[in-house]
Amino acid sequence: MSAFSDVVEKSLEQLSSVGVAADEALVTAVAKGLGPSIYNQDSSLVASSDQEELDRVKTNFLIGKLGLADGPELDAAIAETVATLKGVNRKLRVVFYYLLVKKFGKEAIYS
């Protein structure tokens, strides 16, 4: 199995572990969109207890990549994603971003 396939498989497993029936094609597209960062131990994970990290997710991904306007709904969506992944010790960035893409209905960006 390639390293990329391994990341996708682990992401699908993590989504399944929290009861999310994932769209494998979208998970794959989100992983591709993250580029080489998915292979780095640090950048492949979201530190949900680090406010600076969550601010970067909001600025770089939600506003920068998804083109959303800044507002309280972005913070609420991040908090909801953290809550969804509450029992997960190592939150994969692919999974975190996938959940946000689904939350805001931005799947078309990855098609």
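Colleague: Before we start, what should I know about the numbering and the cut-offs?

Modeller: Residues are numbered from 1 along each chain as its sequence is written, and side-chain values use heavy atoms, with hydrogens and water left out. As this is a predicted model, local features need pLDDT of at least 70, totals for chains, interfaces and linings use all residues, and side-chain atom pairs count only at pLDDT 80 or more.

Colleague: Is lysine 58 buried or exposed?

Modeller: Buried means under 20% relative accessible area, exposed over 50%, and partly exposed in between (1.4 Å probe, protein chains only). Lysine 58 has a relative accessible area of 13%, so lysine 58 is buried.

Colleague: Which residue meets lysine 58 in a salt bridge?

Modeller: A salt bridge needs a side-chain nitrogen of Lys or Arg within 4 Å of a carboxyl oxygen of Asp or Glu. Here the N to O distance is 3.2 Å, and the partner of lysine 58 is aspartate 70. The pair links distant parts of the chain, twelve residues apart: lysine 58 sits in helix H3 (51-65), and in the loop between helix H3 and helix H4 (72-84) you find aspartate 70.

Colleague: Which helix holds lysine 103, the salt-bridge partner of glutamate 80?

Modeller: The side chains of glutamate 80 and lysine 103 meet at 3.1 Å, N to O. Glutamate 80 lies in helix H4, so the pair ties together parts 23 residues apart in sequence, with lysine 103 in helix H5 (residues 93-104).

Colleague: How far apart are the closest N and O atoms of lysine 10 and aspartate 6?

Modeller: Both residues lie in helix H1 (residues 3-17), four residues apart, about one turn of the helix. Lysine 10 is partly exposed at 44%, and aspartate 6 is partly exposed at 31%. They form a salt bridge, and the closest N and O atoms are separated by 3.4 Å.

How values were computed. Helix = DSSP H or I, 4+ residues; strand = E, 2+ residues; numbered from the N terminus.
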